[in-house]
Amino acid sequence: MGNSASASSLPPLSTIGTCNTNKMMGTWFVIGVKPTIFEKTCSNAVEIYSRQPEGTNYDIGIDFQYSKDTPISSPLKSLPQKGWVQGPDKEVSGDWKVSPSWPLKMPFPIIELDEENYKHVVIGYPSRDYCWIMSRHPKMPEETYNMLTERLEKKHQYNLEGLRKVAQVWTADERTKRGFTEEEIPNNMLEPTS
């Protein structure tokens, strides 16, 4: 799948022209990923974005939580990160940088977005080694997922080898334990309990 072009021959990624920073805040469930070392086996992965008060040395707090392996039963991990919105207008930029640890600041370009409802987003990486397909709910319609992976290949020149779907398996107890609401994880997306 994808092409075999080397990273150095790939053009820069195109970020979304207008991305309302405030509408990006809140909970995002990771549906698909070309993983970093932390994400090779993760499940129930969630990123929660929050704007920081003016005067803070970063723009966005990112709370990345995930189960290490099997949903619910494996240990819950957390990787807090800091985000900076780039460009002249931080209210509408799709060009971000993220730091999982100081002094590292990684590109975090928003390359696909449901610009009307902010229900799905795709974050890319310049080398195309990583990407994150995220949704406001733990389940994404298959046609949306397929449309986004096709755009990754055709528009953004990604080779999708290594892309994996992230298991999102939730019970009412797990939803409560992790502090999510019924709006974020609707009852019809919960696993039945025995």
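**Cysteines**

Select Cys131: at 0% relative accessibility, this residue counts as buried, where buried means under 20% relative accessible area, exposed over 50%, and partly exposed in between (1.4 Å probe, protein chains only). The model is predicted, so local features need pLDDT of at least 70 and side-chain atom pairs count only at pLDDT 80 or more, while totals for chains, interfaces and linings use all residues. Residues are numbered from 1 along each chain as its sequence is written, and side-chain values use heavy atoms, with hydrogens and water left out.

Next, select Cys19, which is also buried, with a relative accessible area of 0%. How far is the sulfur of Cys19 from the closest cysteine sulfur? The distance is 17 Å, to the sulfur in Cys131, which is too far for a bond. With a disulfide taken as a pair of cysteine sulfur atoms within 2.5 Å, the count comes to zero.

**Charged pairs**

How many salt bridges are there? The count comes to eight, a salt bridge being a side-chain nitrogen of Lys or Arg within 4 Å of a carboxyl oxygen of Asp or Glu. Three of these pairs follow.

Select Lys68 and Asp69, whose side chains meet in a salt bridge with an N to O distance of 3.9 Å. Lys68 is partly exposed at 39% relative accessibility, and Asp69 is partly exposed at 33%.

Move to Arg151 and Glu112, where the N to O distance of the salt bridge is 2.8 Å. Arg151 belongs to helix H2 (residues 142–154) and Glu112 to strand E6 (residues 106–113), so this pair ties together parts that are 39 residues apart in sequence. Helices (H or I, at least four residues) and strands (E, at least two) are DSSP runs, numbered from the N terminus.

Finally, select Glu174 and Lys177 in helix H3 (residues 172–177), where they lie three residues apart, about one turn of the helix. Their side chains form a salt bridge at 3.5 Å, N to O. Glu174 is buried, with a relative accessible area of 5%, while Lys177 is exposed at 58%.
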